[in-house]
Amino acid sequence: MIKSLNLYVANLAVLNVKFHNLHWNVVGPQFIPLHQFSETAYEGFFESYDAVAELIKMRGEFPVGNLKEVLSLTTVKELGNESYTTSQMLSIMKEDFEGLISLATSIRGEADAKNDFTVVAVMEDEIAKYEKHIWFIKSMQA
Ligand SMILES: [Fe+2]
């Protein structure tokens with residue numbers, strides 16, 4: 001479970017950078033709402049990044065604390081420094097939120113098997129947060 005939690009921390013670290021990239025480089029008629037939405041998302045990643053790392057510390061292990069290791073662990077695909085249309089941005093964000101839900105669901109299962117209800121609760125909150133983000137995205141794509 002610690003390995004999966006560290007993957008989660010690494011992915012949040014990379015997503016923080018990736019969503020700043022989108023926040024800066026989105027172009028198109030929905031610029032303002034998407035600029036704001038990506039900010040809400042990366043602020044959420046940053047909070048979860050610290051909270052999940054602290055769960056690892058509380059279990060006597062070390063959270064990933066340097067970018068070289070973050071990049072060796074992460075499963076998030078980074079973006080180049082270029083412009084992104086609003087529709088590209090929505091698809092990219094949706095895929096990343098789905099990835100977080102999938103990983104959080106798997107960690108929740110591992111934690112449940114160990115009766116680690118704190119990790120279960122945190123992962124359930126994570127899943128709920130990204131489900132809501134996905135609903136926002138789908139509503140904008142409709
Ligand atoms: Fe900003």
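Helix 1 and helix 4 pack at an angle of about 165°, their axes lying 11 Å apart, which makes the two roughly antiparallel (an angle over 145 degrees). The model is a predicted one, in which local features need pLDDT of at least 70 and side-chain atom pairs count only at pLDDT 80 or more, while totals for chains, interfaces and linings use all residues. Residues are numbered from 1 along each chain as its sequence is written.

Helices here are DSSP runs (H or I, at least four residues) numbered from the N terminus, and axes are lines fitted to C-alpha atoms over the stretch in contact, with angles from 0 to 180 degrees between N-to-C directions.

| Helix pair | Angle | Axis separation |
|---|---|---|
| Helix 1 and helix 4 | about 165° | 11 Å |
| Helix 4 and helix 5 | about 160° | 9 Å |

Among the residues of helix 1 that meet helix 4 (C-beta atoms, placed from the backbone, within 7 Å) are Leu-5, Tyr-8 and Leu-15, and the helix 4 side includes Ile-92, Asp-96 and Leu-103. Helix 4 (residues 86–113) and helix 5 (residues 117–141) are likewise roughly antiparallel to each other.

Leaving aside residues up to four places away in sequence, Leu-12 touches Phe-45, Ser-48, Tyr-49 and Val-52.

How values were computed: Angles under 35 degrees count as roughly parallel, over 145 as roughly antiparallel, 65 to 115 as roughly perpendicular and the rest as oblique. Two residues are in contact if their C-beta atoms, placed from the backbone, lie within 7 Å.
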